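This briefing is meant for someone meeting the structure for the first time. Please look over the sequence and the model before reading on.

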Amino acid sequence: MKMAPKGNDVIVSDRKLEMILSMKGGNGEASYANNSQAQAIHAQSMLHLLRETLDNIQLMEPPSETIPFALADLGCSCGNNTLYIVDVIIKHISKRYEASGYEPPEFSAFFSDLPSNDFNTLFQLLPPIGSSMEECLASDTHRSYFAAGVPGSFYRRLFPTRSIDFFHSAFSLHWLSQVPESALDKRSMAYNKGKVYIHGANEHTANAYKKQFQTDLAAFLGARSKEMKRCGSMFLVCLGRTSADPTDQGGPGILFGTHFQDAWNDLVQEGLITGEKRDSFNIPVYASSLQEFKEVVEANGSFVINKLEVFKGGSPLVVKQPDDAAEVGQALANSCRSVAGVLVDAHIGDQLSEELFKRVERRGSCYAKELIEQLQFFHIVASLSFA
Ligand SMILES: C[S@@+](CC[C@H](N)C(=O)[O-])C[C@H]1O[C@@H](n2cnc3c(N)ncnc32)[C@H](O)[C@@H]1O
């Protein structure tokens with residue numbers, strides 16, 4: 001991603017987005033590991049849809065002793081959510097084998113994300129491998145699969161041809177491969193002047209984002225169509241919106257287009273950064289409509305759509321006391337920072353980033369009641385099988 005023309009005396013990254021993007025690693029207060037309970041709750045509420053997709057996989061009967069069942073979680077990040085989902089998938093497939101009177105096969109689970117993902121934190125969370133499938137199925141303290149990390153962008157090939165039975169990806173595909181260049185180009189009609197996100201932007205900016213999303217999704221499906229085994233399936237969840245208008249991004253619009261935006265404006269007004277510096281930062285996230293998503297799957301043509309729907313996930317803020325404005329402000333700042341903090345740090349440096357998120361927190365506290373009432377995420381859920 002081209003992030004910034006040189007402005008203030010701060011870090012300017014012109015490295016490609018895929019070389020710097022990650023959720024905040026480690027176990028600190030603003031880490032993704034400590035701020036992904038909302039995603040966990042939303043994923044739990046969609047488990048019935050995941051299980052339906054797993055039931056679409058054609059199992060090899062009898063399972064082969066030499067060929068493992070291979071699954072991959074794309075955009076796994078570095079918290080417990082990916083481990084939980086992989087466990088659900090393997091237990092479900094094992095039960096299906098047992099129900100058909102066969103011993104389950106061995107399982108290979110691939111945890112895939114961009115190279116700057118904190119794979120160390122993730123690997124340290126992995127439970128030890130169990131000595132037998134029975135032991136693993138009976139307890140939650142052991143894993144019943146061989147694990148491997150796969151660094152790389154899911155917008156390109158990650159696995160050998162016809163090697164994966166099941167792809168899972170949650171809360172990741174709304175991350176674009178890059179901010180559309182025109183949104184950062186002063187000479188372009190799509191220049192996103194004064195804004196750090198497309199919520200409320202002009203239609204040219206919104207169209208540039210939409211085009212980027214559809215190009216990226218097409219590349220994702222193209223790569224998976226080569227890697228998936230012929231009997232395989234795929235379960236995808238990403239941020240979606242209910243409005244037909246892409247300048248109304250819904251929940252993500254509130255997350256990145258209101259208090260986060262105002263905090264950037266504060267830095268400009270206080271003379272800490274220039275307006276140009278702010279304008280050269282854009283959040284590379286796009287919440288698509290169902291129709292926009294569907295167009296790409298249909299144009300690709302490799303997959304049968306078993307299910308494609310917009311699902312109400314709920315709030316991205318998990319707070320113990322919704323009446324406590326300070327807690328709501330802190331949850332907003334931590335939630336924003338856990339997903340976008342690494343990009344902000346790369347653009348304006350750690351100290352100014354700290355200042356920015358302090359302002360997000362303060363503003364979030366002032367508007368706590370509205371945030372609790374209005375901040376809702378919708379997700380696109382896609383269950384696809386090989387055509
Ligand atoms: C919000 S996290 C989702 C984590 C996890 N799936 C969960 O359910 O909690 C989004 C993840 O997508 C990853 N991601 C974004 N763009 C990617 C790309 N092009 N290729 C691979 N991973 C990507 C990010 O690095 C991040 O770890």
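Predicted model: local features only at pLDDT ≥ 70, side-chain atom pairs only at ≥ 80, totals over all residues.

Which residues in the largest nonpolar core touch the most other members? They are Leu71, Ile89, Leu332, Cys336 and Val360, out of the 101 residues that belong to this core.

**Overall fold**

- The protein contains 13 helices and 7 strands, and its radius of gyration of 21 Å is close to the 21 Å that the globule rule gives for 387 residues, so the protein is as compact as a globular protein of that length.
- Buried residues account for 47% of the 387 residues in the protein.
- When contacts between residues at least 6 apart in sequence are considered, 81% of them join residues that are at least 24 apart.

**The largest nonpolar core**

- The largest nonpolar core has 101 residues, and its largest share, 14 residues, is contributed by helix H12, which covers residues 325-366.
- Cys336, one of the residues that touch the most other members of the core, is in contact with Leu255, Phe260, Phe357 and Val360 once its neighbours within four places in sequence are left aside.
- Val360, which is among these contacts of Cys336, is itself one of the core residues that touch the most other members.

**The shell around the ligand**

- There are 25 residues around the ligand, and those that come nearest are Gly75, Ser77, Asn81, Ser172 and Trp175.
- By residue type, the shell divides into 11 nonpolar, 12 polar and 2 charged residues.
- Helix H2 (37-45) and helix H4 (80-99) each supply at least two residues of this shell.

**Helix H2 and what covers it**

- The buried residues of H2 are Gln39, His42 and Ala43, and they lie on the same side of H2 because they cover an arc of only 100° around the axis.
- In an α-helix there are 3.6 residues a turn, so residues three or four places apart point the same way.
- The cover over the buried residues of H2 includes helix H4, strand E4 (164-170), strand E6 (303-314) and strand E7 (377-386).

**Two residues with positive phi**

- Ser77, one of the residues that come nearest to the ligand, is found in the loop between strand E1 (69-74) and H4, and its phi is near 60°, a positive value in a residue other than glycine.
- Ser77 counts as buried because it has 29 C-beta neighbours inside 10 Å, where 20 or more are needed.
- Arg162 has a positive phi of about 50° although it is not a glycine, and its place is in the loop between strand E3 (146-151) and E4.
- Arg162 has 13 other C-beta atoms within 10 Å, and is therefore partly exposed.

**Arg359 in helix H12**

- Arg359 is located in helix H12, and it counts as partly exposed because it has 19 C-beta neighbours inside 10 Å.
- Arg359 and Ala333 are 26 residues apart in sequence, while their C-alpha atoms are 8.5 Å apart in space.
- Apart from its neighbours within four places in sequence, Arg359 is in contact with Ala263 and Asp266.

Definitions and conventions. Residues numbered from 1 in each chain as written. Near = placed C-beta within 6 Å. Helix = DSSP H or I, 4+ residues; strand = E, 2+ residues; numbered from the N terminus. Nonpolar A, V, L, I, M, F, W, Y, C, P; charged D, E, K, R; others polar. Rg over C-alpha atoms; globule rule 2.2 N^0.38 Å. Buried ≥ 20, exposed ≤ 12 C-beta atoms within 10 Å, placed from the backbone. Contact = placed C-beta atoms within 7 Å. Core = buried A, V, L, I, M, F, W, Y, C linked by C-beta atoms within 7 Å. Arc of directions from axis to C-beta.
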